[in-house]
Amino acid sequence: MASADSEIRPGTQEAIPQAVKIIVAGGFGAGKTTMVASVSEITPLSTEEVMTEASQGVDDLGGVENKTTTTVALDFGRITINDDIVLYLFGTPGQDRFWFMWDELAEGALGAVVLADTRRLDTCFHAVDYFERRGVPFVVAVNRFEGSTPYEAEEVREALDVPAEVPVLMADARERESAKEVLVRLVTHVIHSRSPALSG
Amino acid sequence: MSIFGEQRGSPLSGAAPAVRSEEGPDPSRGQPPVWHRGRGHPTSEGPSNGVTPGDAPAGPLVRPYTMTKGRTRPGAGGRGLDLITIVVAARDRADRPRDPELQAILTLCRRPISVAEISARLDVPLTVVKVLIGDLVAEGDVRTRAAMPVAQLPEKKVLQAVLDGIRRL
């Protein structure tokens, strides 16, 4: 039924919200799902993607043609921004063998958070490489763990060899305010990287 | 014959995802499938608190592609469905009789919901859920809004709204 609301174009029923997504990447146990849980309005959910031999020949699956069945779990949360926009936060599969899922995750993503664990910094190298190569804007959030050496953000930047324009910040994935700050920095970075003239 | 394998005695413990039965039923001569609401799939870091468990048995589940009658890819209606494609039930189509799994999806879609969330809440793999949603699209039972195309960057006003929304959390 047509609505009296002038925002709704004639012929359409009611407006369907648009979904956008942000990727939360990092090594296994870096706190991806913890961070999603800190800001999500729903308890994080997990969905399974089953890749079967029927997936052969799909362009994005280069390198996995010989596999018959692989199951990948993706954890995600949701933030309703307003009536028209819903933001989904997806954690990347932690294991390297699930790389083939990253292209589907990265497609159309606003940007990415790379969660770095300073006890195992090497586990996020490939996430940094991946987003740089794909041109997905990202920030590095150094998750503070009990017992980890307190590094400075700049030391982590150097160790990860990320360019100066990529924000690197300290975070605590368990804290809502901290997780929010990471997302705010990311989206600000995305806005600036899309319009360089305004970034100063 | 039940389409489900032997059930474990304990109700949802949330400890481990059910192992899918290797000995699946023969889909070609099955009785109509019994649909159970999903158990709320535990995340990779453990089960989520507060996810309402459905009535699905904790034991082995029906082989996923039984629901799709063996199809592994969506029909024309489901092409382009993505993790975050938003699906919403068409209001005037609620009363038609359907397969229980399709009805379960439609029930979830009374409010706009993403493909990933349908999959997670019903505990049905994404590939399967995409086939089923494709059927609903083809029948005109649901409407969808696709995620942004690859090449198209989000508009500045969308980004600004996202930023404001996060700040309001």
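This tour moves through a predicted model of two chains, one selection at a time.

Before selecting anything, note that residues are numbered from 1 along each chain as its sequence is written, and that chains are lettered from A and ligands numbered from 1 in the order in which they are written. Because the model is predicted, local features need pLDDT of at least 70 and side-chain atom pairs count only at pLDDT 80 or more, while totals for chains, interfaces and linings use all residues.

**Stop 1: chain A as a whole**

Two residues are in contact if their C-beta atoms, placed from the backbone, lie within 7 Å, and among contacts in chain A between residues at least 6 apart in sequence, 71% join residues at least 24 apart.

**Stop 2: helices H1 and H5 of chain A**

Next, select residues 32-39 and 176-194 of chain A, which are helices H1 and H5. Their axes (lines fitted to C-alpha atoms, for helices over the stretch in contact) are compared by angles that run from 0 to 180 degrees between N-to-C directions. H1(A) and H5(A) pack at an angle of about 100 degrees with their axes 8 Å apart, and are therefore roughly perpendicular to each other; angles under 35 degrees count as roughly parallel, over 145 as roughly antiparallel, 65 to 115 as roughly perpendicular and the rest as oblique. To show the contact, display A:Met35, A:Ser38 and A:Val39 from H1(A) together with A:Arg176, A:Ala179, A:Lys180 and A:Leu183 from H5(A). These residues divide into four nonpolar, one polar and two charged, where Ala, Val, Leu, Ile, Met, Phe, Trp, Tyr, Cys and Pro count as nonpolar, Asp, Glu, Lys and Arg as charged, and the others, Gly among them, as polar.

While H1 of chain A is on screen, pick A:Thr33, which lies in this helix.

**Stop 3: the largest nonpolar core**

Now select A:Ile22, A:Val113 and A:Leu115, which touch the most other members of the largest nonpolar core, a group of 89 residues. Such a core is a set of buried Ala, Val, Leu, Ile, Met, Phe, Trp, Tyr and Cys residues joined through C-beta atoms within 7 Å. H3(B) gives the most to this core, with eight residues. Around A:Ile22, leaving aside residues up to four places away in sequence, the residues touched include A:Leu87, A:Leu89, A:Val113, A:Leu183 and A:Leu186.

**Stop 4: chain B and its helix pair**

Switch to chain B, where four helices and three strands follow the pattern β-α-β-α-α-β-α along the sequence. Buried residues make up 40% of its 169 residues.

Select H2(B) and H3(B), which pack at an angle of about 115 degrees with their axes 9 Å apart; that makes H2(B) roughly perpendicular to H3(B). Here B:Val115, B:Ala116, B:Ile118, B:Ser119 and B:Leu122 of H2(B) meet B:Leu126, B:Val129, B:Lys130 and B:Ile133 of H3(B), and by class this contact has seven nonpolar, one polar and one charged residues.

In the loop between these two helices of chain B, pick B:Asp123, which has a positive phi of about 55 degrees although it is not a glycine. B:Asp123 is buried, with 25 other C-beta atoms within 10 Å. For another positive phi in a residue other than glycine, go to B:Lys69, where phi is near 55 degrees; B:Lys69 sits in the segment before S1 of chain B and counts as exposed, with 11 C-beta neighbours inside 10 Å.

**Stop 5: where the chains meet**

Finally, display both chains and select their contact, which takes 44 residues from chain B and 41 residues from chain A. On chain B, strand S1 (86-89), helix H2 (115-122), helix H3 (126-139), strand S3 (142-145) and helix H4 (156-168) each supply at least two residues of the side that touches chain A. The largest share of that side, nine residues, comes from H4(B), and its residues divide into 24 nonpolar, eleven polar and nine charged.

Notes:
Buried ≥ 20, exposed ≤ 12 C-beta atoms within 10 Å, placed from the backbone.
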